[in-house]
Amino acid sequence: MISSGDILNITKVWTECMERLKLELFCIPCTVITLTTLVINPILLICIFGSRALRRETRYLLVANTLIADILFLIVNLIILVCNTVRAPMPWSICELLTAVNVTAYSCAILTVTLMVADTFAAVRWPLRYHNLLTPAGTFGILLGVWVLAALYPFTSMIVERYKIGSSNEAVSVCLALISLGLIQLEIARIHVFFFVAALICTFLIFYCYIRLYMITRTQGIWQSRFSRARVTVLAHGVLLLLYFAPGFVFILELFMFEHNTISQDVRVWVSTVNTSVLMLLPRAFAPYLYGLRYRDIADSVTLLLHCNRRLSHITLT
């Protein structure tokens, strides 16, 4: 059984390794990317939910849900990063809770972008029945189910850990999802297998939808031009999906390395720091532009909102 002393030893070794490698500098790009994204995402959400037409469209609701999940992930990730950088003591129970919230937000974003591909496939495959199949009320129900599904595993694992392994109220100097989930993995189950299978299912569904879309539309001439809208759309979606899924597979690799002590501690700390401070933030930084502003309706709403704010500021000043 993992004791509080084991937790303190693991976090202490991890902290010493970070200080020796000067990995606190990764806090700079992480903070810049986070703050920049937290500026644009709320603007897009205001435009989507402030427009009756946009909030009745399934694709825009899916975009909004992705942005909400990203905002939650970025806020929690920044809190953890700042606490780790300044070495602020954090109770282990709070670290477990933040880890569960972070995993929930990340999983929800992955499931939602997978649903975006499925939504596009449904709109092309059944254009006449599409709006009857996915009503606004039905979409909200699906999104609620996505949040419940995303939260089910991390919070269940946290509860099982507290009852089966035992909880610790000791304050730790570094809080990482890798350490929290890695300790559960050592005592309960191979979590990296679960994440790997879930990621493979989402990946298979995405590839199936794209292949079927190409087979359905290949005779319609929308793929002939090198810079056609279809090609640009698939390219944008493909880049963003790669950015979302790649850090997840890296995290699975981290869990695997955490289980095997033969791998160098420096390598494990390097991989974990780069993944949490850079790789996991890149899709959140690109999503507002590739999924949000790329839609003409959202871009027009943002332009109108900024124009109205500029006019109000001008009237106030005069």
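Predicted model: local features only at pLDDT ≥ 70, side-chain atom pairs only at ≥ 80, totals over all residues.
**Group meeting: a cavity, a disulfide and a core**

Residues are numbered from 1 along each chain as its sequence is written, and side-chain values use heavy atoms, with hydrogens and water left out.

Back to that cavity. By cavity I mean a set of points, on a 1 Å grid over the protein atoms alone, where a 1.4 Å probe fits but cannot get out; lining residues have an atom within 4 Å of a point. Points are joined across faces, edges and corners, and the volume is the space filled by probe spheres set on them. Searching the whole structure gives one cavity of 30 Å³ or more.

Who lines the largest cavity? There are 11 residues, and E96, P154, M158, S180 and L181 lie nearest the centre. Helices α4, α6 (136–165) and α7 each supply at least two residues of that lining. Helices here are DSSP runs of H or I, at least four residues, and strands are runs of E, at least two, numbered from the N terminus. The lining splits into six nonpolar, three polar and two charged residues.

E96 sits in helix α4, and at 2% relative accessibility E96 counts as buried. Buried means under 20% relative accessible area, exposed over 50%, and partly exposed in between, with a 1.4 Å probe and protein chains only. Setting aside neighbours within four places in sequence, E96 is in contact (heavy atoms within 4.5 Å) with M158, E161, R162 and S180.

The whole structure has one: C95 with C175, sulfurs 2.1 Å apart. C95 lies in α4 (residues 92–125) and C175 in the loop between β2 (171–172) and α7 (177–187), so the pair ties together parts that are 80 residues apart in sequence. The S-S torsion is about 95 degrees, so this disulfide is right-handed. Both C95 and C175 are buried.

Next, the core. The largest nonpolar core has 73 residues, and W14, Y244, F245 and I298 have the most contacts inside it. A core here is a set of buried Ala, Val, Leu, Ile, Met, Phe, Trp, Tyr and Cys residues joined through side-chain atoms within 4.5 Å. Beyond its neighbours within four places in sequence, F245 touches I110, V113, T114, A199, C202, T203 and I206. C202 counts as buried at 10% relative accessibility.

Two loop residues to look at. K22, between α1 (4–21) and α2 (27–50), has a positive phi of about 60 degrees although it is not a glycine. R87, between α3 (58–85) and β1 (90–91), also has a positive phi, near 60 degrees. Buried or exposed? K22 is exposed, at 56% relative accessible area, while R87 is buried, at 19%.

Finally, the whole chain: 12 helices and two strands, with 42% of the 318 residues buried.

How values were computed:
Disulfide = S-S within 2.5 Å. 1 Å grid on protein atoms, 1.4 Å probe; cavity = no way out; pocket = protein on both sides within 12 Å on 5 of 7 lines; lining within 4 Å. Nonpolar A, V, L, I, M, F, W, Y, C, P; charged D, E, K, R; others polar.
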